[in-house]
Amino acid sequence: MKEMVLVTGGAGYIGTHTTVELVNAGYDVVIVDNLSNAEMAAVEGVRKITGVDVPFEKVDCCDKDALNKIFEKYKFNSIIHFAASKAVGESVLKPLLYYRNNITSLLNVLTLMKEHGVRNIVFSSSCTVYGQPKKLPVTEQTPRQPATSPYGNTKQICEDILRDTVSAYPEIFGIALRYFNPIGAHPSALIGELPKGVPGNLVPFITQTAAGLRDHLSIFGNDYDTPDGTAIRDYIDVVDLAKAHVVAVGRMINGKSLKNYEFFNIGTGNGVSVMELVNAFQKVNGVKVPYEIVGRRAGDIEKIWADTSYANKELGWKAERSLEDTLASAWAWEKKLRGIK
Ligand code: NAD
Ligand code: WQD
């Protein structure tokens with residue numbers, strides 16, 4: 001019998017790409033999503049790419065009874081829990097929504113795992129748990145720092161909930177993946193990032209500017225202590241990131257976990273500045289991105305990138321797609337969305 005994986009938030013940006021990779025790897029997948037930040041078209045994209053009619057259940061993970069019905073209907077071996085609200089700025093304005101959605105949904109998933117004997121869970125964490133690290137690159141041993149937003153705090157709290165739960169119930173295995181900055185789209189351009197309203201993240205803002213939806217990109221600060229003065233991040237291709245989830249699920253299924261709770265940095269290991277990223281985008285795609293340097297964005301950190309050697313060694317996983325290919329895929333997706341030839 002095939003292993004069956006529940007993907008919560010599976011209609012979203014990372015969830016769709018991960019579902020595709022899971023199906024490609026031979027798993028049966030069920031998507032649960034309340035469509036609060038996604039469209040059914042994304043699920044159709046997944047079905048088109050894979051040629052599989054992946055089951056979709058419109059359920060809110062905060063509704064335990066409704067979610068319980070899904071656990072009764074299917075026999076899951078593993079869960080990848082993406083469902084969460086993710087806008088940092090919005091979380092400052094609506095902290096209760098963020099604490100309720102992100103924490104309640106994880107609590108429900110873990111409770112139902114226990115009740116239904118589901119063994120394995122991958123949790124979407126974030127490099128945001130490191131804040132501005134003193135030493136770079138960051139390893140998994142780098143201490144977490146107090147969160148600077150309710151969103152960031154939910155990631156730390158959820159990591160702790162997962163750690164404590166698997167410690168109390170050793171039949172459950174958990175892996176938290178700390179993503180750095182996911183960007184890009186599937187090479188088919190059938191799925192990609194679909195931000196609602198004005199994008200807060202850099203790459204969707206760049207692609208929308210190149211497409212003429214935005215007048216210009218504002219680069220937030222060029223007075224940082226970095227070679228060109230703009231802030232540095234570790235941008236990871238979303239398909240590479242998706243594949244890390246397949247590896248993490250396989251690790252637990254095959255009994256390869258070293259402990260019940262593990263966590264890994266999922267990045268490329270390369271720090272790229274905002275200016276370098278804008279220049280690379282323009283060069284690889286042959287399009288102009290008008291920009292203006294403005295003041296720093298409140299709450300931004302100066303620089304961060306991952307030490308990925310632990311993930312490379314332990315998971316046998318490595319980011320493979322070049323920044324150029326990833327930026328080309330982001331542009332191909334935006335063009336498709338806007339009907340640009
Ligand atoms: P996304 O918003 O595209 O996907 C999340 C999905 O979850 C959406 O489809 C949304 O409709 C769904 N959802 C939200 N609350 C739900 C609920 N209560 N019940 C059911 N479905 C619900 O975001 P994404 O970028 O794909 O992020 C996925 C996960 O990865 C999130 O947990 C996010 O915090 C985390 N993460 C994202 C990034 C990033 O930069 N994109 C970085 C680090 C971590
Ligand atoms: C990247 C760089 C901006 C927009 C956020 C969350 C983090 C994680 C990933 C979930 C920064 C600069 C951006 C623009 C710009 N998400 N920028 N002009 O801030 O690294 O991280 O997403 O866990 O928690 O905080 O990503 O894409 O917003 O910014 O100059 O219009 O681009 O200042 O240096 P960030 P980002």
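This is a predicted model: local features need pLDDT of at least 70, side-chain atom pairs count only at pLDDT 80 or more; totals for chains, interfaces and linings use all residues.
Residues are numbered from 1 along each chain as its sequence is written, chains are lettered from A and ligands numbered from 1 in the order in which they are written, and side-chain values use heavy atoms, with hydrogens and water left out.

Let me start with the cavity. The structure holds one cavity of 30 Å³ or more, where a cavity is a set of points, on a 1 Å grid over the protein atoms alone, at which a 1.4 Å probe fits but cannot get out, and lining residues have an atom within 4 Å of a point. The space in the largest cavity comes to about 110 Å³, a volume being the space filled by probe spheres set on the points, which are joined across faces, edges and corners.

Its lining consists of Gly 184, Ala 185, Glu 193, Pro 195, Val 203, Pro 204, Thr 207, Gln 208, Ala 330, Trp 333 and Glu 334, and these divide into six nonpolar, three polar and two charged. H7 gives the most to this lining, with four residues; helices here are DSSP runs (H or I, at least four residues), numbered from the N terminus.

Now to the packing of H7, residues 202–210, against H11, residues 323–338, where the angle is about 55° and the axes lie 10 Å apart. Axes are lines fitted to C-alpha atoms over the stretch in contact, and angles run from 0 to 180 degrees between N-to-C directions. That angle makes H7 oblique to H11, since angles under 35 degrees count as roughly parallel, over 145 as roughly antiparallel, 65 to 115 as roughly perpendicular and the rest as oblique. On the H7 side, the contact (heavy atoms within 4.5 Å) is made by Val 203, Pro 204, Thr 207, Gln 208 and Ala 210, and on the H11 side by Leu 327, Ala 330, Trp 331, Glu 334 and Arg 338.

What is the angle at which H7 and H9 pack? For H9, residues 274–285, it is about 40°, with the axes 11 Å apart, and H7 and H9 are therefore oblique to each other. By class, the contact of H7 with H9 has eight nonpolar, one polar and no charged residues.

Methods. Helices (H or I, at least four residues) and strands (E, at least two) are DSSP runs, numbered from the N terminus. Ala, Val, Leu, Ile, Met, Phe, Trp, Tyr, Cys and Pro count as nonpolar, Asp, Glu, Lys and Arg as charged, and the others, Gly among them, as polar. On a 1 Å grid over the protein atoms alone, a cavity is a set of points where a 1.4 Å probe fits but cannot get out, and a pocket is an open set with protein on both sides within 12 Å along at least five of seven lines; lining residues have an atom within 4 Å of a point.
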